[in-house]
Amino acid sequence: MPVYFVRRVLAAIPVMLVVAVFVFLLLRLTPGDPAAIIAGDMATPAQLERIRDTLGLNDPLHVQFLSWMGRILQGDFGTSLISNKPVIELVEDRMWPTIWIALITITLSVIIAVPMGVLAAWRHRTWVDHIVMTFSVLGFSIPVFVIGYLLIKLFAIDLRWVPVQGYKAPSGDFGGFAIRAVLPALTLASIYIALIARMTRASLLDVLNEDYVRTARAKGLAERRVLFRHALRNAAVPVMTVIGTGFALLISGVVVTESVFNIPGLGRLTVDSIFARDYPVIQALILLTSGIYVAVNLLIDLSYTLLDPRIRY
Amino acid sequence: MAEVLNVENLRVAVDAPGGAEVVRGISLTISEGETVCLVGESGSGKSVTSLATMGLLPKGSLKPVGGAIRLEGEDLLACSAARLRDLRATRMSMIFQEPMTALNPVMKVGDQITEVLKAHTKLSNAECHAKVMDMLTQVGLPDVARIAGSYPHQLSGGQRQRIMIAMALVLEPKLLIADEPTTALDVTTQKQILFLIKELQEKHGTAVLFITHDMGVVSEIAHRVYVMNRGDMVESAPVDTLLRSPREEYTRKLLSAVPSLTPRAARSFASDRTVLQVTELVKRYGGGGFLSKSPETLAANDVNFTLRAGRTLGIVGESGSGKSTVARCVMRLIDPSAGGIRVAGHDIATLSRTGMKPYRKKLQMVFQDPYRSLNPRITVAESIMEGPVNYGTPRAKARARAEELLELVGLPRTAAARYPHQFSGGQRQRIAIARALAMEPDLLVADEAVSALDVSVQAQVLDLLAEVQERMGIAILFITHDLRVAAQICDDVAVMRRGEVVEIGDTATVLGNPRHEYTRALLEAAPGRHWDFAAFAPVSAA
Amino acid sequence: MADTTPIRAGLRLPTGKLAGAGFGLAPIIAAVVLLLIVLAAIFAPQITPHDPIAQNPVLRLKPPSADFPLGTDAYGRDLLSRVIYGARISLIIGLGVTVLAVVLGLAIGLVSGFFRVADAIVMRIMDGLMAMPSVLLAIAIVSLFGASIWTVMAAITIPEIPRVVRLVRSIVLSAREEPYVEAALSLGTSMPRILWRHLMPNTFAPLTVQATYVCASAILTEAILSFLGAGVSTETPTWGNIMAEARIYFQLKPSLILWPGLALSLCILSINLLGDAARDVLDPRMGKRKD
C-alpha cells in the first residue's frame, strides 16, 4: 500500500509539470507582445513597461518559467492586473459558491445515477433499461446551458417555485441558499448523471457475464444477493474512474452554469478574467482546476485498493 | 442403487424463433455414488447439457425446448426459479473449468463458502465457521484459517479448484456436476483433484456427472461413459466396455486419435547437420527498478540443447516451467538475458532487429491459438505471402507458392482467397503451418501448436507436421505440456521444471525409463497411462 | 477434411448487437434528422425566408407570424433564418474537429502504442492536456489568439486529442500482444509495416464510434464558447451566439433561447444516437469473441 501510494503521488508530478509548462507557454506563444495584448490598444509605453516588468517578460524564457514556478511553489500566484489584489485572495473570495454547488452536484449525481444504472443492467432490455438509456443519452446531448434555461423557464418563470438567478451563502440564509442552489446543481448534474448511469450499467452488464456470477447463481443465492454482493463491487472500479474523469466535465459545466445562474463563483471569475485578459488570474485558475482534477483522480486511484484486493502496487 | 439424475430426451435450442437445436434429444441417468463421464469434442453440447441441468443456461441465448431433467424424480425444467435456487448447492452443485474466473476476485474465499451456508441453512455464525473449516480440511487444504482469509488471486490454481469443490460439496448435494474441472490445471495437480473428487464422492455417496474431452481422465474415474457429438448422444456404456469395444464409428475414431504414451520407435537420419544450438540460455524477469516490488524470477536458467536437421526435440513441462520462454527466446520474440543461440553457426542471441532479418527466414513458429495467430482482416494468401514478399519474392510467384503450400497442408487452392474466420481451428492451424513453410525454414518452433485442438483434429495436424518434416527435412522444436503428444512426435525430449532442464535425452529413454524423479512424477500423473486407447486395450505389462 | 467447422453453440452469445433492439428505430430517425440538418445548412441561402444578418429595428422581438415562423430577435432579424444558418458553423466545426482530432490522435496513438520510448513522454503530455478543463483551455486559447473559425477549431481540437490517443494506444497495446503480430515479426515484416498493416486496422471500428462522440462534443463546446462570447465573431449567426444575445431577454422571450437550444440539442442527440448504434454494431469487445 505505501509503495502504491508513493508511486501514484509521484506519477502526478509530471502531469502537473506539463500543465504548468502549457499554461506558461500559452501566454508566451501568443502572436505579438503579450504586454500589449494585456494592456489593450490604449496603453502607453510606460504602462507596457510596467506590465512587462510585472510579468518578468524581459528575462529569458527558461528564467521566466523557473522564477514563475518558484513563486507558485511558495503559494504566490501573482497579482491581478485589474484589481491589483493577490490572485489567492480573489480565488478565496469566489471559491465557496463553486465548492458548495459542486459538492451538491456530485452527491446528487451519485445518489441518482448509480441506482439508475444498476436498475437498467438488472432489468436489461426491458422498458426500465430503455428509459434509463434514453435519459442518459438526453443528458449527454442537451447542452448544460439549454438544460439550465429549460429549468429556469419551468420552475422559476412558469411555476415560480424558485428565484430565477442569484446566490446566497449557506451560512447566512440556508433556506435561501438551498432554493437558489437546487437548479444550478440539477443543471450541472444532468451530464454527470448521464455519464455515471451509463457506465454503471455497462460495467455491471460486463460483470454479470462473468464466470463468478454464474458460480454465485450455481450456489443458489438469491438474485438480489448475486447483484449486490457479487456483481456491484466488481463493477465499481470503472464507475469510480468515470466519476474522476467526469470531473473535467463538471469543471467546464461550472463555468457555464455560473454564467446562466449568475453565481459569483470561480467559473464567473474565470470568464471575467479571460475577457479582461487578466493573465495571472487565468494562469492560476487553470493550474488550480487542473490540480484539483489531478488530486481527485489520485484519490480515486488510491480508493481502488479498497475496492479490489488485487490492486496492491 | 437409487437413481439421482435422469435426463430424458432433452432438447436445447438457440433462444430465437426457429433457433437451431444444439442438444437434440439426449438421455442419461446417474445413480448414487456413480461417476458418469460425458465426453465429446468442442461443440458437442456436453456443457450445454450440464448448464441446462443446473438451470444456468445463459438467458436469451439458449433454452430447453423439450424433454425432462429429473433430480430424484423432480422435473427441474418444470421447477420455479425459486425452487431451482433452493435445489442448487443443497441437492445439486457444479464446479467449473476455470477456478480463477469462477471465484469472485474481491471476496475472501472463506466468505464465499460461508455464503452457501447462509443462503440455505439457519446455522449460527460459529457453526458456519466450524463447517467451513471442516470442509476446507476435507478438501486437503493446509493452514485452513489462513486460506479462508485469502482472496482467490493469492491461491494457486489447484487450491482454487479445491475451494470450488469445498463450496460445491459443503451441503452434501446428491449430484455434483464437474465441467472440465481439471482442464486448466497441470497434470500433477489434475491427478490430486481427480483423487479428491473420487475420495469425497465415496465418502458422501455423491453422484458425479463429469464432463471432459480427455479420454485419459475418463479411463481413470468413470464408471459409465456417455459420448456426445454435435448435440447427439452417440453411445453409452460402462467404461471398460466402451474403451475395449466401442460400438459406434465415432467413438472408435475418438479413441484412435488419442496418442499413446509409449514412445514411438526411434528414427534414423540421413543428415547430422546442427540447425540450432542453445547454450547456457538464461532469461530473467523483474528485479531491480526503482520502487519495483516484483522479485527477480529466472524463467529459464542454464538451458542447453542441440537440434539437428530433420529431428524433433520436445520441451515438456508444466505451466511456469519456462518451456515457452525458451521457444520465444529462440525466436527472438523476447531477448535472452544471457547465453548463446546459434543458428547455422551464427550466434543470434544478441542481434538487433535488422541484424536478425537474415536469420528470421530460417526460424519459423506455429502458435498455440489458431484463432489469434492469423490476422482476421487479411486473406489466407496474403498471410502466407507476407514472409516471402518481405524477402523480395515477386508477388505473383509468392502467390503461386502460397497455393501450392495450401495443397501441401491439405487445403484446397481456393482457400487462398478466403479469410481466416471461414475456417475451423484445425484448418487455421494448417494455414499457420503453410505460412511458416513459405519461408523454407530450417527450424519450426511449435509452441503448444496442437493444445487448443480437439483430439481428432490434433492427430491430423500432428500427422501433417510429421509428413512435412519427412518431405522437407526441417527440424522441429516442439513445446508441449502433453506427454502423449511428445511421446508420439519427438525424437528427443527435454523435461523442464522452474526454468531448468531436469532431464534430456532420446524420447524412448526419457519417457520409457526416466531417471529424474520429476519426469517420473509427470508420467505417474498422466491420466490413463495404463491404457492404450488406439489399441482398445490396456498397456501391456511389458 | 474431417475437421469441419464445429458447431459453436456459443454459451455466451454477444449481447451487443441485440442490446439496441429496443432502439431499432432511433438510429434511423437520428440519421434522418441529421441529414435534414445537413441539407438545411448546405441550402440555407435557398430555403431561409429572410436575411439572417440584416437588422430591422422596427421588427424587433415580434411573436411568430406567417412571415416570421419563429418570430424575430432583438434586432428584428428572423429567428428561423438565423437558426438555419447557425447549423453551418456547428457542422463545420464538428466535422473539422473530428477529422483533425482523429487523424492527429491516430498518428500519435500509433506511435505511442508501439514505441515504448515515445510512449512515456507522449502519455505524460496527454495526461497533462486531459487534466486541463477543456472549456477553460479553449476559451483561453480563443481569447489569446483571436476569435476566428480556425482558432476555435484548434482550441476545441486540442483537448479532444488525448481521448483519441488513449483509445488508439490501448488498442495497439493489446493488439501487439496478438500472436499474429508476433507471427508477422518472425516473418521479417518491418515495424512500420506491422503498424500499418496489422495494428492500425484494429483501431478503425472503435475510432468510428469515438469519432461520433468527438463530433458531438465539438459541436457542444463550440456552442458553449459562442454562448460565453468566446467563439466565432458575434456577427456570425451560430446557435451559441443567438442564445448569448438572447440571454438578457430570456424572461421576456424565452423562445429566443429555446429554439436554437432545441436545434443544438437535436443535432447533438442524433449524432450521439448514431454513435451508440455504431458501437452496438462495431463494439470491439463483441467483435473479439472467437467466432
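**Contacts within and between the chains**

Colleague: Which residues does S456(B) touch, leaving aside its neighbours within four places in sequence?

Modeller: S456(B) is in contact with E41(B) and A257(B), once those neighbours are set aside. Contact means heavy atoms within 4.5 Å. This is a predicted model, in which local features need pLDDT of at least 70 and side-chain atom pairs pLDDT 80 or more, while totals for chains, interfaces and linings use all residues. Residues are numbered from 1 along each chain as its sequence is written, chains are lettered from A and ligands numbered from 1 in written order, and side-chain values use heavy atoms, without hydrogens and water.

Colleague: Where does S456(B) lie, and is S456(B) buried or exposed?

Modeller: S456(B) is in helix α17 of chain B, residues 455-472. Helices (H or I, at least four residues) and strands (E, at least two) are DSSP runs, numbered from the N terminus. S456(B) counts as buried, at 15% relative accessibility. Buried is under 20% relative accessible area, exposed is over 50%, and partly exposed is in between (1.4 Å probe, protein chains only).

Colleague: What joins the side chains of S456(B) and E41(B)?

Modeller: A polar contact of 2.9 Å. That term is for N or O atoms within 3.5 Å (within protein, one must be able to donate a hydrogen and the other to accept it, and residues adjacent in sequence count only if both atoms are side-chain atoms).

Colleague: Salt bridges next. How many over all chains?

Modeller: The count comes to 49 salt bridges. The rule asks for a side-chain nitrogen of Lys or Arg within 4 Å of a carboxyl oxygen of Asp or Glu.

Colleague: What does R311(B) pair with?

Modeller: R311(B) forms a salt bridge with D492(B), with the closest N and O atoms 3.2 Å apart. The pair links distant parts of the chain, 181 residues apart: R311(B) is in the loop between β12 (297-308) and β13 (312-316) of chain B, and D492(B) is in strand β19 (residues 492-497) of chain B. D492(B) is buried, with a relative accessible area of 18%.

Colleague: And which residue does R399(B) bridge to?

Modeller: R399(B) bridges to E403(B), and the closest N and O atoms are 3.3 Å apart. Both lie in helix α15 (residues 395-408) of chain B, four residues apart, about one turn of the helix. R399(B) is partly exposed at 32% relative accessible area, whereas E403(B) counts as buried at 19%.

Colleague: Which residues are linked in a network of salt bridges?

Modeller: One such network links E72(B), E74(B), R83(B) and R91(B).

Colleague: Changing topic: how many residues does the contact of chain A and chain C take from each?

Modeller: There are 53 residues from chain A and 51 from chain C. The two chains bury about 4,500 Å² between them, 73% of it on carbon and sulfur atoms. Buried area is the accessible area (1.4 Å probe) that two parts lose on being put together, summed over both.

Colleague: How many salt bridges cross the interface of chain A and chain C?

Modeller: The rule finds one. The side chains of R198(A) and D276(C) meet in a salt bridge, at 2.6 Å from N to O. Five residue pairs are in polar contact between chain A and chain C, counting pairs with both at pLDDT 80 or more.

Colleague: And chain B with chain A: how many residues are in contact?

Modeller: 28 residues of chain B contact 25 residues of chain A. Here about 2,400 Å² is buried between them, 61% of it on carbon and sulfur atoms. Two salt bridges cross this interface. The side chains of R225(A) and E115(B) meet in a salt bridge, 3.0 Å from N to O. The largest share of the side of chain B that touches chain A comes from α4(B), with five residues.

Colleague: How many aromatic pairs are there over all chains?

Modeller: A search of the whole structure finds 11. F24(A) and W68(A) form a tilted pair, 5.6 Å centre to centre with 35° between the planes. Rings of Phe, Tyr and Trp (its six-membered ring) pair if their centres lie within 6.5 Å; planes under 30 degrees apart are stacked, over 60 edge-to-face, and the rest tilted.

Colleague: Are F24(A) and W68(A) buried or exposed?

Modeller: Both F24(A) and W68(A) are buried.
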